[in-house]
Amino acid sequence: MNIDQQHIGEPGLVVLDVTAADEETVAAVMEGLQRLWATSGVTPVWRIPGEAGVRARVYSDIRRHPGA
């Protein structure tokens, strides 16, 4: 996955990589982040062969709250 200038091109834009033991935990974290900030939402989860856990990436604008 690539992060380009668009994803972090100005203050307040962040890319968060989440790693957890299982998909349910990653989904819970992403749902919690959606309550705080405008996010890309629940994204696909992936595994890296030979490494423990699952991963997901979330793009967020921490300047904006949901519904704003």
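## Thr43 and its surroundings

A polar atom of the Thr43 side chain lies 2.8 Å from the backbone oxygen of Arg57, a polar contact (a pair of N or O atoms within 3.5 Å; within protein, one must be able to donate a hydrogen and the other to accept it, and residues adjacent in sequence count only if both atoms are side-chain atoms). The model is predicted: local features need pLDDT of at least 70, side-chain atom pairs count only at pLDDT 80 or more, and totals for chains, interfaces and linings use all residues. Residues are numbered from 1 along each chain as its sequence is written, and side-chain values use heavy atoms, with hydrogens and water left out.

Thr43 is placed in the loop between β2 and β3; helices (H or I, at least four residues) and strands (E, at least two) are DSSP runs, numbered from the N terminus. With 16% relative accessibility, Thr43 counts as buried, a term for under 20% relative accessible area, while exposed means over 50% and partly exposed lies in between (1.4 Å probe, protein chains only). Apart from neighbours within four places in sequence, Thr43 is in contact with Met30, Ala56 and Arg57, where contact means heavy atoms within 4.5 Å.

## Strand arrangement

Three strands form an open sheet in the order β1-β3-β2, with antiparallel pairing. β1 and β2 are the edge strands, each pairing on one side only. Two strands pair if DSSP finds at least two bridges between them; β2 and β3 have 2 bridges, in the antiparallel sense. Ala38 stands opposite Asp61 in β3.

## Helix α1

Asp22 caps the N-terminal end of α1, with a side-chain oxygen 3.2 Å from the backbone nitrogen of Glu24. The buried residues of α1 are Val26, Met30 and Leu33. Seen down the helix axis, they fall within an arc of 60° and so line one face of α1; the arc is that of the directions from the axis to the C-beta atoms. These buried residues pack against β1, β2 (38–39) and β3. The face turned away from the buried side carries the exposed residues Glu24 and Arg35.

## Nonpolar core

The largest nonpolar core has 7 residues: Val18, Ala20, Val26, Met30, Val54, Ala56 and Val58. Such a core is a set of buried Ala, Val, Leu, Ile, Met, Phe, Trp, Tyr and Cys residues joined through side-chain atoms within 4.5 Å. Two or more residues come from each of β1 (13–20), α1 (23–36) and β3 (54–61), and β3 gives the most, with 3 residues. Not counting residues up to four places away in sequence, Val54 touches several residues, including Val18, Ala20 and Val26.
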